[in-house]
Amino acid sequence: MKEIAEKTLFTLRKLLLVSLLIASLTQGLYPASVSEAADNNESDIKLQAYAETCIEYTDNVFRLDDSQVSMLEANTPEDAVSGRFRDMESVSDFIVSPEVGLGLDSDGPLGGKLSMVSWLRYNHYSENRESSFPKVRIRLRNSLGEKGILMLEGDFLFDFFKKNYLSGVNDENANGNIPREERIYSPAIYDEYEGIIAYEQEIINNNDARLSGLSIGPFAGHRIRRYNSTFSNRDQDISWVGIEMDLEFISRIDLEMIYLYEDVAAPGNRELILFDETVSGTDINNDGEIKGNAQLFTVIDRSSSRHTIEINPSFKLTKDTRIFLGYEKRIAECASGNKLDIEHYNQEEYRRQIKSGIRHDFSNKWTAEAEYSRTNEEEEDGDYSENSFLVKIKYYF
């Protein structure tokens with residue numbers, strides 16, 4: 001209980017700091033703009049707040065493969081002793097995510113119009129309480145000229161519990177083989193910070209033409225993921241660049257296409273793994289034994305190069321209703337040069353996602369959205385699939 005209380009207090013402190021930052025930005029812009037409006041009657045300040053609630057059901061919270069799902073549901077005495085599934089209460093879960101946001105529109109420092117949106121969301125897991133986490137976003141958009149937009153965005157995620165990983169062994173009989181009950185698992189928890197810069201240029205805007213809209217723009221960003229000290233070798237520094245093209249046909253059909261390249265840098269330090277020496281018949285760890293679950297400290301490098309393509313069409317059914325589809329495919333080429341790092345050496349990892357949904361604006365204040373998605377991924381933790389259903393309701397004050 002003490003650890004939970006300390007974790008909660010620490011999270012609240014960070015949220016308070018971010019909230020104060022958002023408030024100071026807003027207050028810093030608001031009085032100056034109001035003063036300018038009073039003096040020149042040229043500025044127009046608009047503030048708008050909103051509240052949103054998202055309810056999501058996922059059938060694979062921890063992204064487990066089929067064998068891991070069976071083990072979690074069984075939670076045998078061997079796994080209970082090792083702590084493999086501690087605080088992993090259920091394979092599936094309902095996630096309730098209340099969100100509050102604030103928007104501001106004013107004259108921009110670069111000319112044109114400035115739009116700022118900031119929000120705070122808390123993702124509450126109904127079954128897996130330790131998985132709950134907060135997220136904050138701040139986004140600035142400034143129009144450039146008549147048809148250009150510059151965008152800056154910052155995302156902050158705190159205390160995300162991914163799942164438990166192997167952190168140690170207890171070889172009680174000193175035979176060099178580590179069965180399930182002699183393994184020690186610990187929670188892997190990380191914070192994540194992300195910054196994005198993007199530019200969008202509108203090329204076509206003609207409601208009467210078949211190709212009624214066309215815009216294109218490059219974007220770049222950097223993401224920092226930092227785990228708790230036990231799993232610091234899982235840290236990531238990800239830099240990316242990409243390009244997005246948006247097409248609109250007959251003012252009703254939209255087609256968004258995105259290409260993204262990511263460079264994933266990981267520490268690549270020595271890490272404890274269990275190695276099957278019986279496959280090669282070689283005593284890899286030089287302990288005089290050939291075992292199926294031999295403990296081995298070796299370099300594990302999760303660095304990679306990732307290529308992603310997204311295609312997202314949507315169709316405007318009525319003035320207030322739009323349906324949308326989505327397809328995403330990602331290929332990761334692992335960069336590990338250690339042959340003993342069998343999960344990453346000379347390996348490729350794949351991720352595919354499809355989604356569909358509908359959005360309806362009931363009025364200027366109320367909007368609702370429903371979405372289904374299915375994700376399949378081949379990664380170091382095993383090949384998993386996940387089905388997700390969500391419903392969002394947003395109200396503008």
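Which residues form a nonpolar patch on the surface? I began with this point, working on a predicted model in which local features need pLDDT of at least 70, side-chain atom pairs count only at pLDDT 80 or more, and totals for chains, interfaces and linings use all residues. Residues are numbered from 1 along each chain as its sequence is written, and side-chain values use heavy atoms, with hydrogens and water left out.

**Entry: nonpolar patch.** I found Leu-211, Phe-249, Ile-250, Ile-253, Phe-315, Leu-317, Ile-323 and Ile-358, which together have about 590 Å² of accessible area. Patch members have over 30% relative accessible area and no salt bridge, and nonpolar side chains (Val, Leu, Ile, Met, Phe, Trp, Tyr) are joined within 5 Å; like charges would be joined within 9 Å. A salt bridge is a side-chain nitrogen of Lys or Arg within 4 Å of a carboxyl oxygen of Asp or Glu. Areas come from the Shrake-Rupley method with a 1.4 Å probe, and for residues only the protein chains shown count as cover.

**Entry: Leu-211.** I located Leu-211 in strand E7 (residues 211-227); strands are DSSP runs of E, at least two residues, numbered from the N terminus. At 31% relative accessibility Leu-211 is partly exposed, that is, between buried (under 20%) and exposed (over 50%).

**Entry: backbone.** Most residues other than glycine have a negative phi. I noted that Ile-250, a patch member, has a positive phi of about 45° and is in the loop between strands E8 (236-249) and E9 (253-265). Asn-346 has a positive phi of about 55°, and I recorded this residue as exposed at 67%.

Note on methods. Helix = DSSP H or I, 4+ residues; strand = E, 2+ residues; numbered from the N terminus. Buried < 20%, exposed > 50% of the residue type's maximum accessible area, 1.4 Å probe, protein only.
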